[in-house]
Amino acid sequence: MSPDQLFGQLLVGLINGSFYALLALGLSIIFGLLGIVNIAQGAFYMAGAYFSWLMLQTLGVNYWAALVLSPLMVALLGVVLEKFIVFRVYGPDHMPGLLLTLGLLLIIQGVFVYIFGAVARPYPTPDALRGGWDLSFVFLPKYRVWTVAVSILVCFATWFFIEKTSLGRTLRAANENPVLTRAFGVNVPALMTFGFGFGVALAGFAGVLAAPLYTVSPLMGVDLIITVFAVVVVGGLGSILGAVVTSLSLGVVEGFTKVFYPQASHMVIFVIMILVLLVRPAGLFGTEK
Amino acid sequence: MTEPLIKIVDLHARYGSSHVLHGVHLDVGKGEIATIVGRNGAGKSTTLRAIMGILRSRTGSIRIAGQETIAAPSEHIAWLGVGYVPEERGIFASLSVADNLLLPPIVAAGGMSIEEIHALFPNLRERGRSPGTKLSGGEQQMLAIARVLRTGASLLLLDEPTEGLAPAIVQRIRLAIDAMKARGQTVLLVEQNLRFAVKVADRHYVMENGRIVDVMDRAEVATKMERLQRHLGV
């Protein structure tokens, strides 16, 4: 085992972990505020990648602009869906929301397959992030380092927003007791729409980051979302930092499994999930309700 | 004569299929302190929840500051200048004491500053960083009251603020209600503690089985204490 290979897998693990983290954060926010287990998160990730590819092809919009515009477009898509469809399944029972968003995942995916075909489309790495740094023992591709760094930054910014700002305080309150928060004069339904848009925008952002690494295809989200759900189960809902730490660690565990026992790499996270469920059903960072 | 700050006419309310309020008539003028007294289950808390729009299935008329609110969503009612202190206090576990205090939006100018609130409830200053639900029961009640003093609300709905609290804390809460009166705020207080109610209020509405069955002014209370106690079954 060369250190180069090991380090390479560490980086791949961290990248996957970053995507898990961005999607898991969005899931936690949406579940906390709306009580919806949003399976469609995978479709919003895919849409984020597609929107950037589409803008580049048709309007020549570059990667850096897409990094801002694509998540905004995904947020807009999310807001429209929440306003017209998702709000109908709010309630104490989580099953209707789960089924509805599974349907949305399949429909959004189907629409993209119908329009663009199931072919994977390459997305060029932006010039400034081509190449890498040769540290003699390992080669560090710039784009991969960038992906991990900017993901962690966005996760931290999300944590700061929710824990340290007044809008974040109101979100936490609406999460805990929506009825009383409304009685204080807060427009909680609007806040829920915002929360859904924000949560799916995080997935869209991950999609833009993923576009140059993997190819852009309509089915790219569905594989990811299943793993992300396992990650969320391991980490438990409720703690932002917990979700980020769990995501990155599981990404790395998965990466190393590829080196040492590749056959198990696709199931290692699910095995960990089962073990965690046996010992701590609320997840590593979750609290029992 | 000007219209009272809150005027309730023929209010009916339901929890699911059970009809809880059967035509409540009640009004409180600006700057007045009124109580709703009555036995458990008479509909006192329900009346406050219906005013606040938390209980949605209600009919009749509730006019606040001249506006009809019977069909308004809860968040609009708050912006008419209504502050609500629920019976269960409603302190947020996921927010610190300071964040609980800052949570409700300022709905009108003229609310208390944080300094004034800390002067009224010194305990809250010291415990600012603890999670809201780590406070004692009495401190949670002070926090729940302090929270609506900051917002500039002109009508305060207090649901059993002295329930289960030690005399020293009840005294603090009385000071807070005196401060509300001094600031010209209007208070509608649900209270089981008759001794407390007669000390602070200008008027008492007696509620039974979802209706107001008697009204007494402060001056009448002394002579009609026996009647009041009979209503409450004490």
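**A pair of helices and their surroundings**

Modeller: In chain B, the axes of helix α6 (residues 137-149) and helix α7 (residues 167-182) come within 10 Å and cross at roughly 5°. The two helices, α6(B) and α7(B), are therefore roughly parallel to each other, a term for angles under 35 degrees. Axes here are lines fitted to C-alpha atoms, for helices over the stretch in contact, and angles run from 0 to 180 degrees between N-to-C directions. Helices (H or I, at least four residues) and strands (E, at least two) are DSSP runs, numbered from the N terminus.

This is a predicted model, in which local features need pLDDT of at least 70 and side-chain atom pairs count only at pLDDT 80 or more, while totals for chains, interfaces and linings use all residues. Residues are numbered from 1 along each chain as its sequence is written, with chains lettered from A and ligands numbered from 1 in the order in which they are written.

On the side of α6(B), the contact is made by G138(B), Q141(B), M142(B) and I145(B), and α7(B) contributes I169(B), R172(B), I173(B) and A176(B). Residues are in contact if their C-beta atoms, placed from the backbone, lie within 7 Å. By class, this contact of α6(B) with α7(B) has five nonpolar, two polar and one charged residues. Ala, Val, Leu, Ile, Met, Phe, Trp, Tyr, Cys and Pro count as nonpolar, Asp, Glu, Lys and Arg as charged, and the others, Gly among them, as polar.

The loop between α6 and β7 (155-159) of chain B holds T151(B). T151(B) is buried, with 24 other C-beta atoms within 10 Å; 20 or more make a residue buried, 12 or fewer exposed, and a number in between partly exposed. Although 43 residues separate T151(B) from A108(B) in sequence, they are 6.6 Å apart in space, C-alpha to C-alpha. Neighbours within four places in sequence aside, the contacts of T151(B) are G83(B), P104(B), P105(B), I106(B), V107(B) and G111(B).

Elsewhere in chain B, four strands form an open, antiparallel sheet in the order β2-β1-β4-β5; strands pair if DSSP finds at least two bridges between them. The edges are β2 (18-28) and β5 (67-68) of chain B, each with a single partner strand, so one side of each is left without a neighbour in the sheet. Strand β1 (residues 6-15) of chain B is joined to β2(B) by eight bridges, and K7(B) has D27(B) as its bridge partner in β2(B). Helix α1 (residues 44-52) of chain B packs on the sheet, touching β1, β2 and β4 (58-64) of chain B, and its direction makes about 75° with that of β2(B). Nine of the nine residues of α1(B) are buried, so this helix is largely enclosed by the rest of the structure. Just after α1(B), G53(B) has a positive phi of about 80°.

A hairpin is formed by β9(B) and β10(B), with two residues between them, and N209(B) in its turn has a positive phi of about 45°. Six bridges join β9 (residues 203-208) to β10 (residues 211-217) of chain B, which run antiparallel; H204(B) stands opposite M216(B) in β10(B).

Notes
Two residues are in contact if their C-beta atoms, placed from the backbone, lie within 7 Å. Angles under 35 degrees count as roughly parallel, over 145 as roughly antiparallel, 65 to 115 as roughly perpendicular and the rest as oblique.
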